[in-house]
Amino acid sequence: MGWIDAVAANLLASSAGLLLILALLMAATTRARTCILLFGLQSAVIAAQIAALARLHHFAEGWAVAALVVVVKVVAIPWVLLRITTALQTTPIAAAAIGPTASVFVGSGLILLSFAVVRPYVAELGVDPARLAAAVAVVLIGGLLMVTRRKALMQVLGLLVLENGIFLAALTTTLGMPLVVEIGISFDLLMWVFLMGLFVFRIRDTFDHVDVSRLRRLRG
Amino acid sequence: MTLAAPLANLAQWALLLAVAPLLRGLIQRAKARAQNRRGASLFRPYAELAKLLRKQDLVPDTASAVFRAAPVVSLAAMLVAAALVPVLWPAALLAGGGDFLVLVGLLALARFALLLGAWDGGSAFGGMGASREAMVSALAEAPLLLGLVAVAILAGSGSLAGMAQWTLGQTLVHFSPVYALAATALGLVAIAEAGRIPVDNPATHLELTMIHEAMVLEYSGPSLALLELAAAVKLSLLLALLAAVFFPWGMAPAPTPARLALALLLFLLKLAAGAVAIALIESTLAKLRMYQVPAYLGLASALALLAVACTALIR
Amino acid sequence: MIAANPWMAAALAAFLLALLLLPLLAGLADRRSRLRVAPAALLVLALLAGGALAARVLWTGAPAALDLSAWAPMAEAAPFAFTLTLDRLSAFFLLLLCAVGAPVALYAQAYLERHYAGWRRAALWALLPLFLLSMALVLAASTGFAFFFGWELMTLLSAAAMLLDGDSPERRHNTYIYLVMMHAAAACVLAAFLLFLSRAPSLDFAVMRVAGPAMPLALRNAVFVLALLGFGAKAGLIPLHLWLPKAHPIAPAPMSALMSGVMLKTAVYGMVRFSFDLLGGGPSGWGYALVAAGAASGVLGVLYALGENDLKRLLAYSSIENLGIIFMALGAALVLQAHHAPVWAALALLAALLHSLNHALYKSLLFLGAGAVGDAAHSVELSQLGGLQRRMPITGGLVLVGCLAIVGLPLTNGFVGEWLAFRGFIAGAGAGAPVLPLLAGVLALISGLAAACFANVYGAGFLGRPRSPAAGAAEEAPRAMRAGMAALAAACLLVGIAPGFLLRPLGATVAALLPGAGLLPGAGLVPAPATALAAMLPSLALAVALAAAAALALRAWRSGGVRRTATWGCGQPLMTPRMQYSAAAFTEPLRTVFAPVYRADHQLESQPDGQAWYPTAVNYRSARTTSFERSFYRPAVQAVVNAAARLGRLQTGNVQMYLASIFLALIALLMIMRLA
């Protein structure tokens with residue numbers, strides 16, 4: 001059916017732009033819940049990319065990986081994180097080291113940097129420069145989240161976004177990793193999130209806050 | 001058929017003006033439904049305008065001629081700006097096919113007139129609304145222009161008609177990230193320019209929350225009717241602009257009656273979709289604090305900047 | 001060498017001679033008879049004639065040349081070449097001078113009569129023609145000596161005018177800073193000229209034009225940097241702008257108008273002459289340097305203007321902003337030329353030149369308006385004004401035209417200049433200079449902030465209620481002042497609605513400076529976008545007029561009449577002027593958003609000390625030292641003073657030490673002569 005192929009190709013082409021916008025929105029947001037929802041959206045876009053690739057290049061594994069991503073990253077992890085934020089009952093605003101305007105402009109700078117970084121590799125790899133640059137940009141924005149957000153939960157979210165970016169990069173260059181590896185990584189992620197949930201409650205009960213910038217006892 | 005083109009342009013301009021209050025009515029109705037109410041008639045804004053036109057015009061005794069002139073200039077600028085936007089087919093009545101710089105200039109003229117009218121009222125509310133509006137518009141001008149510049153560079157044309165024509169010629173597969181970035185930026189700016197939530201609440205009269213409403217607080221009767229009409233035309237103009245530049249599919253390639261009628265139908269559908277979207281946003285989001293608006297506009301500026309940068313990076 | 005018409009040369013000589021001799025009649029201004037308008041009338045006539053000459057050169061392209069070095073007394077007095085040539089570029093700026101000078105002279109007739117008496121009035125009437133003469137010399141000069149002669153004369157005459165206006169330590173301090181910075185700038189320009197001497201036998205522009213493009217790149221870079229420093233300081237680019245807000249407000253209003261309107265443009269003329277004509281363009285780095293300086297000046301200039309309460313200082317900062325825009329366009333033209341896109345470079349250069357003319361027109365209008373306001377309300381502080389539109393309707397209307405023009409709203413000349421600049425920046429995308437379209441965003445930000453600034457100026461100054469008794473008793477300005485302002489306002493609107501008449505001669509000017517611009521097939525002399533704009537504007541004006549008529553008709557259709565009543569004050573029985581927004585309050589949100597730029601010093605103390613909960617009095621003091629003064633100028637001045645102190649140790653007072661140093665210098669010179 002030709003029109004499904006057309007839709008798939010369109011999806012692939014426009015996903016780069018969508019991912020860039022979502023990355024910038026994540027840098028701009030100040031609330032933890034919004035960030036979690038944006039992460040879910042980002043994972044959904046990635047799952048759609050995998051499905052489109054599976055359709056266009058006709059490999060069945062892709063559908064399984066797409067389903068896995070949907071189940072783990074679009075449904076399970078955001079649900080767990082949302083439950084944790086509700087139970088924590090801390091302030092909804094995720095304190096950050098730099099304000100939202102500054103974060104947005106730093107994020108834009110990182111996106112421009114990622115475009116500059118991928119330029120020499122595009123020719124030899126034969127990939128769409130926008131998609132590869134979007135992948136690197138997502139990695140860098142994940143790093144930005146980890147470094148600037150002060151709440152412990154946002155650190156794990158930054159890590160998850162980072163992993164999303166690496167996954168995207170693999171997707172762009174080599175059609176993704178084998179199914180076995182994917183299953184393994186997905187379960188690792190679930191474990192991270194559960195462990196972080198446990199730790200966050202421990203931190204809250206011990207220190208009465210979850211502000212990581214105040215956790216400074218680890219000094220020589 | 002040499003008269004077909006100017007007639008089609010005149011028709012689309014008249015359509016934009018006629019539909020403006022209906023758009024307001026549609027948004028009100030959609031919001032009411034979202035709030036589980038029935039809502040007023042779709043045509044109530046027309047009745048309101050008629051009512052205001054019949055009333056007496058009150059003018060502060062310390063005001064100068066600028067107070068009476070401001071609504072006229074504001075509405076005149078909006079009326080001319082509406083003639084620059086392609087609606088039914090990729091052409092516009094004035095300015096060589098709707099030059100986007102002229103459009104932005106006319107919007108600025110309308111806003112400047114409104115600022116001066118607010119000052120001349122001589123009350124604290126006018127100055128307050130004007131100062132907030134000055135802040136919002138000063139920061140919104142850059143993303144508005146940069147978003148349109150990004151599309152102009154892609155389309156290789158400075159007129160809105162040219163941009164619409166170019167987008168019509170693109171198949172969906174070639175949708176560049178520049179488009180997505182520019183569309184998001186312009187969408188954010190359109191909300192700010194039109195004075196809707198989350199930037200400004202058009203239905204409030206609380207001192208803490210007014211921006212546009214504070215500027216028109218001293219106006220009454222026919223002058224207020226002119227200002228309300230100008231605001232309505234601005235909103236429909238902005239939606240038509242977004243539709244023309246980013247979703248022009250359905251526009252008639254040539255001004256034949258059949259294709260124009262189809263384009264009319266599709267345009268009304270697009271306007272309705274826009275109205276419902278605005279109503280949903282207004283029903284679900286809260287208005288931002290005034291000093292959070294620069295962060296919102298900073299996000300729009302960053303998106304627009306990236307859009308322009310990407311025109312060079314993605315070739 | 002195009003053979004110059006002897007009639008044109010005679011006309012140029014007559015014009016300059018008239019300006020030179022008019023000061024002799026300055027004494028007439030002090031009389032009581034009808035003759036007292038003679039100096040003004042003759043000056044206006046002289047300037048109109050000069051404008052006609054400049055227009056003829058500009059439209060026909062035939063230059064007017066005057067070689068004074070052959071004249072025996074001149075050859076004895078100054079053995080350097082003194083030649084004046086009016087080519088198209090000089091003629092354009094001379095037209096600018098006359099177009100601004102004539103209305104200002106008309107205005108000055110009434111203004112100087114009201115403000116000065118006795119010898120001061122005569123002195124100012126002597127200074128005005130000489131000042132205009134010095135600027136005309138700078139524009140017409142075609143040798144280094146003539147250029148420099150006029151340049152120095154400009155500085156000295158304007159400083160004299162500043163000192164004439166009063167006497168106070170602050171005024172003398174400001175004039176001193178002005179003189180020091182202008183001389184430093186002149187030194188840079190002189191150095192730039194002298195660097196040519198290593199490759200060119202004389203400092204005649206015709207010779208320099210040939211030698212310039214042939215110089216090695218390092219030398220051309222050095223010349224460009226010196227020219228940028230010299231002309232940039234004269235133009236008030238950040239960070240060399242310190243003198244502008246100190247000097248412009250303290251001169252008399254007509255003088256401020258000329259300084260801001262015309263003198264700053266001589267710096268633009270110098271920059272264009274050096275970069276495009278004498279050096280023949282250069283690497284894109286030059287353009288980017290100009291763009292960076294221009295962008296910084298534009299943004300910071302308007303932000304500083306937003307924080308000002310004094311109308312004249314605000315206008316001075318606004319001049320910095322507009323010069324920033326002009327230099328951004330100049331830089332874009334250089335970049336586009338370096339990227340081999342001469343047609344687009346021509347568009348950008350056209351934008352820069354047209355914006356210079358536009359700024360001259362509306363800025364002088366605004367300064368004249370500020371003078372009229374200061375005259376009528378006895379203050380130029382925005383916190384003391386208000387309600388002036390009702391008291392001075394015509395002056396208010398003319399100042400409104402100036403505000404509309406400076407914001408760049410459609411149908412005024414400001415819009416035309418900014419439109420062309422935007423198109424020039426966007427063109428960078430197709431020419432391989434992707435940074436240039438981002439400048440469109442910078443210009444949009446500057447434009448938005450300027451709109452806020454001038455809505456504040458007109459709103460706080462002219463609308464609402466009067467904030468002081470003097471403002472409430474203001475009278476309309478005298479006829480001559482209104483006539484001068486009206487001429488400028490009419491020019492603003494004319495260029496805004498029908499710029500076509502200027503485009504062909506400007507296009508020819510620009511094509512002469514940018515080789516290759518007119519040679520592309522179908523390009524013509526005027527870049528296509530400019531012609532398109534000129535075609536759009538008259539129909540746009542008609543459309544706006546019709547729409548306004550329709551709106552008026554709609555309002556009057558079934559209206560219930562108009563009733564004048566008191567402003568509703570939420571039940572308050574009495575509305576006082578203090579209940580309105582003040583100028584500082586209006587700009588407060590923007591100043592909060594851009595707080596890092598302002599860095600004001602706040603001092604808050606409550607009395608009695610130590611008892612914070614129940615104070616009897618609270619004092620708040622906020623002072624803003626421009627951060628440049630603190631972080632750039634003071635350390636620089638301190639470094640110079642320290643170095644001078646260290647060098648001062650060489651002055652031991654011992655005669656033998658002095659003899660030894662002379663002897664050592666002689667030996668060093670002999671060695672250099674031997675080795676060279």
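Reader: How many helices and strands does chain A have?

Author: Chain A has seven helices and zero strands. Helices (H or I, at least four residues) and strands (E, at least two) are DSSP runs, numbered from the N terminus. This is a predicted model, where local features need pLDDT of at least 70, side-chain atom pairs count only at pLDDT 80 or more, and totals for chains, interfaces and linings use all residues. Residues are numbered from 1 along each chain as its sequence is written, chains are lettered from A and ligands numbered from 1 in the order in which they are written, and side-chain values use heavy atoms, with hydrogens and water left out.

Reader: How much of chain A is buried?

Author: Of its 220 residues, 47% count as buried. Buried means under 20% relative accessible area, exposed over 50%, and partly exposed in between (1.4 Å probe, protein chains only).

Reader: And what about contacts in chain A between residues at least 6 apart in sequence?

Author: Of those, 76% join residues at least 24 apart. Contact means heavy atoms within 4.5 Å.

Reader: Switching to the chain pairs. Which pair has the most contacts?

Author: Chains B and C, among the two pairs that touch. Chain A and chain C are joined by no contact, and their closest C-alpha atoms lie 11 Å apart.

Reader: How many residues are in contact between chain B and chain A?

Author: On chain B, 19 residues are in contact with 20 residues of chain A.

Reader: What area is buried there?

Author: About 1700 Å² between chain B and chain A, with carbon and sulfur atoms giving 85% of that. Buried area is the accessible area (1.4 Å probe) that two parts lose on being put together, summed over both.

Reader: Which helix of chain B gives the most to the side that touches chain A?

Author: H12(B), with 11 residues. Helix H8 (177-194) and helix H12 (293-313) of chain B each supply at least two residues of that side. By class, the side has 16 nonpolar, three polar and no charged residues. Ala, Val, Leu, Ile, Met, Phe, Trp, Tyr, Cys and Pro count as nonpolar, Asp, Glu, Lys and Arg as charged, and the others, Gly among them, as polar.

Reader: Now the backbone. Is the peptide bond from B:Ile197 to B:Pro198 cis or trans?

Author: Cis, with omega near 10°. B:Pro198 sits in the loop between H8 and helix H9 (212-215) of chain B. In chain C, a cis peptide bond joins C:Ile238 and C:Pro239, with omega about 5°.

Reader: Where is C:Pro239?

Author: In the loop between helix H9 (217-235) and helix H10 (244-247) of chain C.

Reader: What is phi of C:His340?

Author: Near 60°, a positive value in a residue other than glycine. C:His340 lies in the loop between helix H13 (311-338) and helix H14 (342-377) of chain C, and is exposed, with a relative accessible area of 71%.
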